[in-house]
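Subject: Structure for your review

Dear colleague,

Please find below the structure that I am handing over to you. My findings are set out after it.

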Amino acid sequence: MVVASTVQKLRLRGRDDDLAAATTLLEQAAAAHGGTLLLTGPPGIGRTALLRAIAESAQATTATVLTVTGCQAESALPFAALHRLLAGHVLTYDHRPQADRLTTALSVLTALRTLTTQRDPTVPGPVAVLIDDAHAIDTASLDALAVAARRAGGERIALFFAVRDLPGAAGAATEATLSRLPRRRLRPLDPRDSRSALADLVPDLAGDVAGVLAARSGGNPRALAELAAALSGEQRRGEADPPETPPRDGHLHREYRTMLRTLPAATRHALVLAATQHAEAAPAACPAALLLAAGVHPDDLAPAERAELIQTDHGDIHFIPPLFAPVVYAEATLAERHAAHRRLAHLTRGLLSALHRAAVATGPDDTLAEALAATAPAAEPRPASRALHRAADLTTSPARAAGWTLSAARLAWRAGEPHRARLLLRTVLAAAVPPAMHAERELLLGEIELRTGAHADAHQTLLAAATRLPTPRALRALVLAGEALAASGRHNEYAEVAARATALRHQPTAEALTTPGRHNEHAEVAEVAARATAPRDQPAADASPGAELLFEYIAGMAAGYAGEPARAAAPLARVIALAVTGDEPAALVRAAWAGIVSGRDEDAHRLAVRAARLAEGVGDRATEPLAAEVAATAALALGDLDLAAATAAEGRRLAVATGQDAVADTCCGLLAVIAGMLGDGDGCRRWVRRCRARAGADIDGQARAMCVWAAGLIDVAEGRHADAAGRLWGVMRTAVGRGHLGVQVPAIPTLVEAVVRGGDHGPAGPVLAAYDLWAASTANPTWLALSARCHGLLAASDDEADRHFREALRLHLAGDSAFPGARTELLYGEELRRRRRPAAAREHLRNALAVFEQYDAGPWVRRAAAELRAAGDHVEPAATGPDLTAQQARIARLVAGGATNREIAAALFVSPRTVDHHLRNIFVRLGVRSRTELARVVSG
């Protein structure tokens, strides 16, 4: 049973930023700088629950809390809401009929001001006024409260209005009354928060069922609650398909039914056709041309558009309220639904036509099942998955049903639906299913577990699959098993994967899929399933370049994990060479990672970006987030922090949308590291909180290790070197052969700096030797520069330190690594100042300060400025607001004069990429979008 407190907890999932905004307003009111906040959103988005949480937060302080909820029955009674709001308080306000609007509003403001001293006249406290369903309160009360809200800036008063989206005149009137008030639109919960919310409601709910319901609800909390209420016991356990509509006696269903009944019959008929098309083509929109071909007149859609139930965009019809389309479909009679399917089957072609014909099938139909399966290969992954699933339901052959279901699961995974894919895989367990198909099932399940975060399970599942698959498929299973080991920080076990791959390499490349004694139909279906479920990047038995790439990838990674980066260079270079001529997204992603490991950062970024574009083009949503993660890592290695942050944020968005929690966590870790490098403590901690990797169990994994590194970077930026060293030693000193090398190695320069600045040079030498070995194998100027910087910090003499620091600065310039170079200049400048060489120190400190200002790296700006002052230089205050730094101003003037990026780079002795970075910051600071606008601003 769903109780009120549970619903409140449900709806507060994912509302941290909204609560923070409300808390800020309450704090401002306590300091006599009050104001207002208008909370808007569609029905069921959680406005009431948020107001309840705000009230609880206010009541925990010295605030007086007043609440009122709009009542439609009293909306025609002037001042009815104000009377209920102030009930119980001996307050007066002017509500005489002859009083003008301003007089009434000011008297309400005076009454609220009186309440600030109600609890303790000597210690005035804030007043929090919470108006829920403000669209339903009477006009006189809303008008008075809105005017008072606009004048609450210097008061100890915070007003919160919650307003539901309303179509037509009613919405326009409310909007006009509440115009010019600060507002915050409540957004749908993201899939992760939606799944957590469902776990609050139904603790024993299968995780994959929660994932499917989260997608169907569109992130609407009320829709989540009502779908959860509609679950049967079998559906909760994942043994039956989850419900597609909320219960008929639920609030949403009743509300939608009421809306439908107010529409003309012709509009309802048009909506049934659109909902029928949506039922088969979801999430694709229904083309308006299709409805017109079915006999719908354009005017028939107008009432639904005015009610904001549908929206027509570029000729496509979209349903707006969550779950409205399935409710429209469910409310139609069986005869109406069948008539709609038959009509649409006649008007559509290929897969959609077959799906509509299947929807009216009354029993098994092998001919129709074959037709559905035949149309799937030419379709996008999501509708193709639906077609194969329906074909499995219609066929009379259990083996074919299993093969098509397995194919449907693979396509659901590629379409970004891992939870639906795993629910489908649960049905591919029958005794009649041939062993080869069970192995294919394990391969797919292991891949999904890897991307969703169950790394230990993925490793075991994939190794088991590899023992029963033919060579090309076994090789893929081993690659994924190795990636699961690396993701969980168990690189010491990678040698086993490499040994098994080596054994495969010397076997024939073609093996039979049949098992002796099995029926021929089983062998046929197993072969069909293997072919249908294999993603486009998989090598067939005769595709030796694809298999060679995977063999070389395993060999190169194994050498790297064994601490022999020089031996890894050749096979990883071979991986890149094999991938660049192909168009397989997953192969390009692995080649990009090979580029990062071997120090070929530009190649890595180019390959990852190409992989993301190709994956998007073929609808491979399973690969898109991973490609974005690798592209962000490459951008970070290149030193382009802005590009890295933007790409990681996009990768996180894609990963969350497709249920890939492990990828989402890694992107959070990347964003935390970028914020840590810039000294942005608040930003760093925010991304660490969003990373859901477990602090204890996942410390050896990539995401959690990155969060620890990020925290160490903040410690260094804020001068807590001992704390930074302690954190980073925790990442380095894991069990033998454990930990994530992708974090351990690049974090070494941070550790060396923390140890040296903490006054203890001794422990840094051995760990720096490991970094030197890797940096030397890459020949990457940036990594070699960081190695030289570390040796400069550890130098035994001034001459030795000078030599290493100068070499580091030369290499930074060669590698075009602006921010790491500025950090090196700062460290060298500090070292020179301590040696009483202020003139030499000032040159490096000025260079560092200029870069830190360009990146808005506050702690580093302050540290460099302080060092400059200590070195005897006069430091101008850092640029604020729209002002530009000296370097930015020079670039802006050159742009205004018509110079290209390459010409500017030559004039300033920097790279074109550095100019591009500065231009992005200039555009943001000046609020312009083009070089033309910039020239106008500079010349004006």
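Please bear in mind that the model is predicted.

Helix pairs

Two packed helices are described by the angle between their axes and the distance between the axes. For helix α22 (residues 418–425) and helix α23 (residues 435–452), the angle is about 150° and the axes are 11 Å apart. Angles over 145 degrees count as roughly antiparallel, and α22 is therefore roughly antiparallel to α23. The crossing of α22 past α23 is left-handed. On the α22 side, the contact is made by P418, A421, R422 and L425; on the α23 side, R441, L444, L445, I448, E449 and T452 take part. By class, the residues of this contact comprise 6 nonpolar, 1 polar and 3 charged.

The other pair consists of helix α18 (residues 350–359) and helix α20 (residues 381–394), which pack at about 35° with 10 Å between their axes. Here too the crossing is left-handed. From α18, the residues L351, L355, A358 and A359 meet P383, A384, R386, A387, R390 and L394 of α20. This contact contains 8 nonpolar and 2 charged residues, and no polar ones.

The sheet

Strands of a sheet pair through backbone hydrogen bonds, either parallel or antiparallel. In this model, an open sheet is formed by 3 strands in the order β6-β8-β7, with antiparallel pairing. Helix α13 (residues 265–281) lies across β6, β7 and β8, and runs at about 85° to β8.

Leucine 809

Is L809 buried or exposed? Its relative accessible area is 18%; the cut-off for buried is under 20%, so L809 counts as buried. This residue belongs to helix α42 (residues 798–815). Leaving aside neighbours within four places in sequence, L809 is in contact with G821, T824, E825, Y828 and H844. Of these, G821 is 12 residues from L809 in sequence, and the C-alpha to C-alpha distance between the two is 6.4 Å.

Yours sincerely

Methods. Residues are numbered from 1 along each chain as its sequence is written. This is a predicted model: local features need pLDDT of at least 70, side-chain atom pairs count only at pLDDT 80 or more; totals for chains, interfaces and linings use all residues. Side-chain values use heavy atoms; hydrogens and water are left out. Axes are lines fitted to C-alpha atoms, for helices over the stretch in contact, and angles run from 0 to 180 degrees between N-to-C directions. Helices (H or I, at least four residues) and strands (E, at least two) are DSSP runs, numbered from the N terminus. Angles under 35 degrees count as roughly parallel, over 145 as roughly antiparallel, 65 to 115 as roughly perpendicular and the rest as oblique. A crossing is left-handed if the near helix is turned anticlockwise from the far one by less than a right angle, and right-handed if clockwise. Contact means heavy atoms within 4.5 Å. Ala, Val, Leu, Ile, Met, Phe, Trp, Tyr, Cys and Pro count as nonpolar, Asp, Glu, Lys and Arg as charged, and the others, Gly among them, as polar. Buried means under 20% relative accessible area, exposed over 50%, partly exposed in between (1.4 Å probe, protein chains only). Two strands pair if DSSP finds at least two bridges between them.
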